[in-house]
Amino acid sequence: MRLYDTYTRGLVELPAPPGPVRMYFCGPTVYARAHIGNARPFVVGMWLRSWLRATGYDATLVHNITDINDKIYDAAPGASAELAARASEWYLQDTGDLGIGMPDHLPKATESVPQIVRFIEELVESGHAYAVEGDVYFRVARFPDYGRLSGQKPGEVEQGEEPNPLKEDARDFALWKANKPATEDTWWESPWGRGRPGWHIECSAMAEEIYGPAFEIHGGGLDLVFPHHENEVAQSRALGHPFAQIWTHNGMLRFTGEKMSKSTGNVATIREAVDEWGRETALVFFMTASWRKPIDYSEQTMAQAAARKETLRNAFTLPASEHDERGWASFAAALGDDFDTPAALAILHEWASSGQLELLERGLEIFGLGSLAAREEAPADVVELAERRQRARTERNFDESDRLRDELARAGWQMRDLPDGYDLVRA
């Protein structure tokens with residue numbers, strides 16, 4: 001299998017099965033209910049782990065939770081810890097309801113502060129970081145490859161996020177921040193005084209605490225390439241750690257249409273999307289675009305995904321064709337070539353139309369959509385309506401037959417006439 005690597009700007013082969021393939025995908029900063037775009041790295045990571053395991057790999061996934069951050073302090077002055085804990089639970093509930101399982105590890109920054117402090121101490125001791133009045137900054141000038149991940153030339157690298165006249169270089173970024181009592185209600189003790197970690201060092205420390213100094217895949221949204229992932233590369237490789245072999249960055253989700261606009265703040269959360277459309281439709285929606293490309297979320301695109309979901313579900317109400325195992329090779333080739341989910345989705349539809357139901361169910365299971373193969377039993381009152389309609393058709397009472405058909409539709413069921421009877425399926 002090969003995946004596109006942001007660092008080398010090309011496709012990179014994974015090691016042969018069983019690997020291992022150890023993956024770290026950046027998770028959310030928890031201060032509000034996560035919007036549906038925040039689910040994309042979670043979904044891509046979980047799907048990739050599912051496929052790798054299905055093809056014989058020893059695959060694991062770490063998905064962190066950033067619960068120390070300026071955004072949390074700003075959102076809940078004096079109660080940031082409570083908000084972070086509550087928002088973490090929201091995120092776990094909402095992603096859990098997508099029905100694709102959970103990562104192998106879900107480390108939190110608040111639970112990793114001792115490891116983070118040790119990491120910073122090593123950088124200070126090696127001369128790659130320096131302390132200034134309780135803050136600690138990474139010396140960007142000491143890492144010649146800085147800017148390579150994001151494609152910036154050394155003289156063109158954007159300035160750092162933390163303006164401070166005491167910094168040696170405007171590009172230097174914070175590893176540790178001195179506590180600001182007026183606005184920050186959580187802190188930890190450190191060799192540099194009371195404070196809390198910078199954002200970027202959190203992920204390097206959490207990834208290496210679980211995997212050690214080298215692992216195969218680091219993922220996250222395209223918006224994290226700079227500065228977050230650029231800084232992760234610098235602070236880990238400055239210590240001689242290989243860190244991630246492949247950098248995968250999923251394209252951003254765009255809210256489109258009048259009803260959804262970032263400028264007005266009218267965007268859909270994961271919770272709202274699942275409640276309105278159902279988890280299966282949300283997963284089919286994510287399949288429709290390459291993981292590296294943008295994807296548009298709107299009433300129209302979700303309605304299209306819902307229709308595709310029903311096409312796949314309805315295939316299991318029809319007779320199966322003779323099984324042809326050769327079809328699996330094309331599905332495997334699509335996912336093995338940069339995890340091409342639109343191509344895989346097209347193959348699933350081919351199997352649906354040709355009655356290759358065993359292949360279809362196996363393919364759907366990879367994406368957490370095996371439930372589409374399950375038949376829902378109609379309740380007794382719906383079966384009674386169907387029996388009455390069947391009698392009306394036999395007696396050629398077509399007005400009554402049509403009336404009962406419409407009553408079944410209002411109850412959410414479709415009665416399909418067969419040569420030897422009928423079938424009931426969810427409408």
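## An open four-stranded sheet

In this predicted model, four strands form an open sheet in the order β5-β6-β7-β8, with antiparallel pairing; strands here are DSSP runs of E of at least two residues, helices are runs of H or I of at least four residues, and both are numbered from the N terminus, while two strands pair if DSSP finds at least two bridges between them. β5 (129–132) and β8 (195–197) stand at the edges with a single partner strand each, so one side of each is left without a neighbour in the sheet. On average, and with direction ignored, neighbouring strands of this sheet are turned by 20 degrees against each other. Between β5 and β6 (residues 135–138) the antiparallel pairing runs over four bridges, and A129 has F138 in β6 as its bridge partner.

Helix α4 (residues 113–125) lies across β5, β6, β7 (173–178) and β8, and runs at about 120 degrees to β7; axes are lines fitted to C-alpha atoms, for helices over the stretch in contact, and angles run from 0 to 180 degrees between N-to-C directions.

## Basis of the values

Residues are numbered from 1 along each chain as its sequence is written, and side-chain values use heavy atoms, with hydrogens and water left out. Because the model is predicted, local features need pLDDT of at least 70 and side-chain atom pairs count only at pLDDT 80 or more, whereas totals for chains, interfaces and linings use all residues.

## Nonpolar cores

The largest nonpolar core has 69 residues, and those with the most contacts inside it are Y297, F331, F339, L360 and F367. Such a core is a set of buried Ala, Val, Leu, Ile, Met, Phe, Trp, Tyr and Cys residues joined through side-chain atoms within 4.5 Å, where buried means under 20% relative accessible area, exposed over 50% and partly exposed in between (1.4 Å probe, protein chains only). Helix α1 (residues 39–54) gives this core its largest share, nine residues. A second, separate core has 40 residues, among them A109, I120, V140 and A238.

## Helix α14

Helix α14 (residues 398–410) has 13 residues and reaches 18 Å from its first C-alpha to its last, close to the 18 Å expected at 1.5 Å a residue, the expected span being 1.5 Å times one less than the number of residues. S401, L404 and L408 are buried in α14. Seen down the axis of α14, its buried residues fall within an arc of 70 degrees, so they line one face of the helix; the arc is that of the directions from the helix axis to the C-beta atoms.

These buried residues of α14 pack against α13 (380–394), β13 (413–418) and β14 (421–426), with contact taken as heavy atoms within 4.5 Å. The face of α14 turned away from its buried side carries the exposed residues D399 and R410. After α14 comes G412, whose phi is positive, near 90 degrees.

## Backbone exceptions

Most residues other than glycine have a negative phi, and most peptide bonds are trans. The peptide bond from P17 to P18 is cis, with omega near 10 degrees, and P18 lies in the loop between β2 (10–13) and β3 (21–25). Another cis peptide bond joins F226 and P227, with omega about 5 degrees; P227 is found in helix α6 (residues 225–237).

F243, although not a glycine, has a positive phi of about 60 degrees; F243 lies in strand β10 (residues 243–250) and is buried, with a relative accessible area of 1%. D338, also a residue other than glycine, has a positive phi near 60 degrees. D338 is placed in the loop between α10 (328–336) and α11 (341–354), and counts as buried at 8% relative accessibility.
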